[in-house]
Amino acid sequence: MNKRDRYKSLTTSNGADGQRRTLLKMGLTSASGLSLGGLLAGCGGGNGSAAPAVAPQSTQISSFALAVLPDTQFYSRYATSAESNQYERHYGNEPFAAQTNWVVRNAAALNIPFLIHLGDVVDQVGKPEQWKVADTAMQVLEVNKLPYSILAGNHDVVNDLDYNGDQSKGTDVQRVLANEPYLQWFGTRRAQRQATFGGRDNTGFHEYHIFTAQEQKFMVLSLSWRISDAGISWARKVMTDNPTLPVILVNHQLLNIAPDAVAPLETDYGKMLWEKLIRDNDQIFMTLNGHHHGAAHLTKTNNFVNAVEEMVVDYQMAYQGGNGLMRLYEFDLTNNLIKVLSFSPWVPMKPANTLNAFDRAVLTEPKEAFTISINFAKRFARFNAAFGIGKATVASSLVDQARALVLKGYTEPAVVAQVTPKDSDDYPKLASTVAHWRFFGGAEGVAVAPGERINDVAGANPLTRDALNKGGIVDAEAGDIVWSKDRHRLSSAPGSVSFINTDKNKPRLSYFVTDPTASINAQTFAQTGYTIEAFVKINQAWDKSRHAWMNIMTRDGKRGDLAGFNGGDLESPPLLFAISSLREVQWEVVPEVTGTRDALASWSGEIIAGTWVHIAIVNDPVTHDTVMYVEGAPVLRNSSSVVGLATLSATSQWVVGGGSWDGARADGFFGNIGEVRVVAAALTPTQWLTARRV
């Protein structure tokens with residue numbers, strides 16, 4: 001396993017305060033006052049952008065709703081003992097089960113005949129305990145006779161190769177079916193128990209269902225990760241054999257979200273499906289998929305000049321792995337509308353003392369609550385001239401009813417107003433501070449000269465910009481680090497440094513280091529715990545191929561040289577504070593313990609480039625739990641029993657803005673760093689750099 005495989009092996013935000021609710025793709029918001037679309041991949045585009053609200057109905061309507069579960073992978077993973085039962089431990093319940101229980105409890109009242117799962121049922125395909133969590137949650141539907149479709153996402157198959165145009169690798173027909181856990185836990189026999197079940201293909205990965213709602217029949221055609229040409233032929237035959245049925249096509253991947261976090265973005269795989277399956281099959285009027293983090297909507301026109309509504313939704317990188325968010329799609333046959341509600345049945349179940357500004361039971365952004373106009377009879381006339389409205393049996397909009405049910409008795413937590421600093425000294429001073437580096441002082445755009453010192457506010461551990469082109473670096477120039485006035489709105493430091501021209505492939509990078517004799521080099525924090533804080537902004541031009549795994553801060557040395565280390569990536573430093581290939585914040589450290597030890601990690605959700613974020617990593621000296629906070633919200637993926645921070649020696653330097661791999665300099669930061677603080681104590685938010693002095 002090399003460094004570039006590390007992530008896979010580990011895983012196999014109306015005013016500044018109002019916007020805090022919706023900024024990070026973790027469901028977090030930015031203290032810098034940007035909206036959700038500014039920080040995270042979001043949704044929007046097509047005809048689904050914010051349609052006018054429909055006036056309350058004075059008469060009954062013919063309407064039904066479909067429940068949709070986007071990627072549940074983290075719900076399955078972090079409800080297991082292997083991950084310290086994080087949901088149960090912190091909240092006393094679990095989001096996956098909360099979702100399915102809510103659906104069965106409200107199916108009759110909301111006229112929900114069917115549920116759709118978008119895949120990535122689990123996070124790690126080879127972990128039976130994760131499959132058991134999913135199994136238990138989906139059994140709730142089965143016991144209550146609520147039919148559903150399900151499919152395998154890339155995390156649910158043994159060989160999850162991405163589509164690159166080559167259908168000879170990574171599709172359903174290249175799999176050893178007997179070795180696939182998905183087929184063992186959600187095989188054909190189990191699917192056959194659904195009253196709506198129509199059939200599966202020969203591999204068992206793809207299925208279709210026919211459900212009846214308001215006297216009309218619909219098909220859900222559910223296709224697992226990387227369908228083969230044979231699978232596509234099967235899907236076409238299914239529609240040929242049922243020529244009058246409107247079809248909702250479900251995949252794990254099809255539509256993506258553009259870098260602006262708002263517009264829809266077509267994928268190569270989605271384009272392939274369009275050409276081979278969708279464009280000449282008029283029955284397909286709607287597609288749903290997950291996989292890509294965020295949400296978007298695109299309207300395309302097929303060969304028959306009819307609209308196909310494509311929608312992607314995936315909340316896994318939201319707060320708490322999705323925070324129980326799911327969707328309800330209402331099909332209002334009377335008023336020719338599809339209405340979309342994005343909500344969490346789990347948030348109102350969480351203990352009141354655990355709630356924070358990121359706990360939103362209903363999402364209200366136009367990209368999350370929207371309406372699509374569709375004349376059903378006209379749209380389906382070519383293949384089903386008899387399609388009708390059905391009996392008007394519903395009192396009012398099901399989406400409105402569902403929203404009221406979710407919010408009944410629930411009050412969103414008040415957002416605590418954050419105060420911007422009055423001056424450059426407006427932050428809590430702490431006696432336990434080991435090092436505090438504040439990057440400001442030079443003129444805008446002027447190079448930070450090699451050899452220039454960055455004072456340590458605590459006094460003992462200054463940083464120095466290292467000499468150019470050491471340790472295998474090539475082409476580095478003085479102008480690769482420049483002074484900047486840009487900063488996080490809650491940082492009292494009046495500026496930052498900007499790391500530019502970074503390219504991991506050369507490698508080209510510049511960075512700061514502590515002195516070889518600095519006292520911080522020897523500290524392990526095993527008895528005190530620690531809090532590490534940093535204000536960072538990823539450059540808007542961030543590119544995975546040149547900047548994946550870039551380091552905010554590391555400690556020198558190779559962790560494979562630590563006594564008792566038996567984990568992977570032996571060439572890696574013992575401490576990694578980095579940005580992954582998915583733009584997640586990675587905090588991965590080797591603990592200071594005797595005997596056998598491995599690296600332990602915390603991971604954020606995806607951070608959108610061009611936006612300042614405050615990161616705090618807090619390690620408790622008693623429990624040794626480590627919790628990462630991004631913009632004040634705790635992330636889901638954290639580690640327990642992390643005792644201190646291992647160091648190779650008393651001369652192993654701390655590095656800001658760069659790192660190493662197998663002893664050579666590597667993976668420089670690309671963006672801005674405002675200030676970094678290391679404290680020998682587990683701090684509370686009132687003591688962070690985002691707080692103000694007392």
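**Briefing: an open sheet and its surrounding loops**

P507 lies in the loop between β20 (496-499) and β21 (512-514); helices (H or I, at least four residues) and strands (E, at least two) are DSSP runs, numbered from the N terminus. A cis peptide bond joins K506 to P507, with omega at about -5°. This is a predicted model, in which local features need pLDDT of at least 70 and side-chain atom pairs count only at pLDDT 80 or more, while totals for chains, interfaces and linings use all residues. Residues are numbered from 1 along each chain as its sequence is written, and side-chain values use heavy atoms, with hydrogens and water left out.

**The sheet**

- Six strands form an open sheet with mixed pairing, in the order β3-β2-β1-β13-β14-β15; two strands pair if DSSP finds at least two bridges between them.
- β3 (148-149) and β15 (371-373) are the edge strands, each with a single partner, so one side of each has no neighbour in the sheet.
- Helix α6 (residues 95-106) packs on the sheet and touches β1, β2 (114-117), β13 and β14 (337-343), where contact means heavy atoms within 4.5 Å.
- The direction of α6 makes about 165° with that of β1; axes are lines fitted to C-alpha atoms, for helices over the stretch in contact, and angles run from 0 to 180 degrees between N-to-C directions.

**Strand β13 and its partners**

- β1 (residues 63-69) pairs with β13 (residues 326-332) in the antiparallel sense over six bridges.
- Within this pairing, V68 stands opposite R327, and A67 has L328 as its bridge partner.
- On β14, the bridge partner of L328 is L341; β13 and β14 are antiparallel and share seven bridges.
- Seven of the seven residues of β13 are buried, so the strand is largely enclosed by the rest of the structure; buried means under 20% relative accessible area, exposed over 50%, and partly exposed in between (1.4 Å probe, protein chains only).
- Both faces of β13 are covered, with M326, L328, E330 and D332 buried on one side and R327, Y329 and F331 buried on the other.

**Positive phi in loops**

- N336 is found in the loop between β13 and β14, a hairpin with four residues between the strands.
- The phi of N336 is near 55°, a positive value in a residue other than glycine, and N336 is partly exposed at 24% relative accessible area.
- V305 lies in the loop between β11 (294-301) and β12 (307-314).
- Although not a glycine, V305 has a positive phi of about 60°, and V305 counts as exposed at 67% relative accessibility.
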